[in-house]
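Consider the predicted model shown here.

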Amino acid sequence: MVPSETPTHATDAKREIEAALDWWRQAGLTADFQDEHSVWLDAETAKPVTDVTEPSAQQPVIRKKTPPPVKPVGGERITVAKAVPMAGSPEEWPAELAAFQDWWAGKKDDGSDGEGSGPTPHRIPARGTAGANHLFLVPQPEAEDRERLLDGPRGAMLVAMQRAMGLGETDCYIASALPTHALQPDWDELVASGHGAIVRHHLGLAAPERIIVFGRRILPLVAHEPAQDAANLRSFNHEGRSVPLLAAPELGSLLRSASQRKRFWQQWLEWTD
């Protein structure tokens, strides 16, 4: 006869289960819904996500206070850096990808870095080579980025996603619609200013096999169609070439929402089937 489990053992087992569930909530989606398991978060390489934990029933909800606005000192007016379209006419844009990446990063002819327009010290270049299997387009660099695009928590999640997709570093091209991080980009203004032409030029030079756009607000920068039609964009058509395109929520939204991660993953599986 098997002895019944004591209340202490039951309590310990319950605590272990709750602790495991809390860990899964932090990690978010951890499998790719295929026959073989794929890890989204690698403990050795991915940075821990500590600011998106969904509170359990036993945990109090801690809300961060919004810092008060900075007051001008001595009557000096303080301005916030805003997104500024890249300068130049199409005839002046580099026609080779490597040269375009240097131009996008603000590098001068002598190899030195130019001054960025956002809070980061320099513009952040795209990374990857032409003809990549997947191109991942994001609105802008992360606030933490200094020399490498997506070097913060969103980038760590993207790396884990790429592994689950079976993509290596050479299979991916990472680009942003803006060269610097801006606090509150006015995307409508950027579309109206013609900034989309530079984004499309960049995508054309990169010439990927597939494109995933993270952030529906930047879809009008990718499409030749009006903004209302860009919401239904399914392909990137440029200079006689059509590339399959998948529109996804911003990486920050995916990082915060397990349900959005699950929905995006299912869409990607259907898209690549």
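A residue is called buried when its relative accessible area is under 20%, exposed when it is over 50%, and partly exposed in between, with a 1.4 Å probe and protein chains only. Areas come from the Shrake-Rupley method with a 1.4 Å probe, and for residues only the protein chains shown count as cover. The model is predicted, so local features need pLDDT of at least 70 and side-chain atom pairs count only at pLDDT 80 or more, while totals for chains, interfaces and linings use all residues. Residues are numbered from 1 along each chain as its sequence is written, and side-chain values use heavy atoms, with hydrogens and water left out.

The protein has 273 residues, of which 40% are buried. Its accessible surface is about 16,300 Å², and carbon and sulfur atoms hold 51% of that. Helices (H or I, at least four residues) and strands (E, at least two) are DSSP runs numbered from the N terminus. By this rule the protein has nine helices and five strands, in the order α-α-β-α-β-α-α-β-α-α-β-β-α-α. A contact means heavy atoms within 4.5 Å. Among contacts between residues at least 6 apart in sequence, 69% join residues at least 24 apart.

Side chains of opposite charge can pair when their charged atoms come close. The criterion for a salt bridge is a side-chain nitrogen of Lys or Arg within 4 Å of a carboxyl oxygen of Asp or Glu, and the structure holds two. In one, the closest N and O atoms of Arg-154 and Glu-142 are 3.6 Å apart. Arg-154 belongs to helix α3 (residues 153-164) and Glu-142 to the loop between β1 (134-138) and α3, 12 residues apart.

Arg-217 sits in the loop between β3 (210-214) and α6 (219-222), and Glu-250 in the loop between β5 (241-248) and α8 (251-256), so the pair ties together parts 33 residues apart in sequence. Arg-217 has a relative accessible area of 47% and is partly exposed; Glu-250 is also partly exposed, at 26%.

Helix α8 gives the largest share of the lining, four residues.

Most residues other than glycine have a negative phi. Leu-150 has a positive phi, near 60°. This residue lies in the loop between β1 and α3 and is buried, at 6%. Glu-239 also has a positive phi, about 50°, but it is exposed, at 74%, in the loop between β4 (235-238) and β5.
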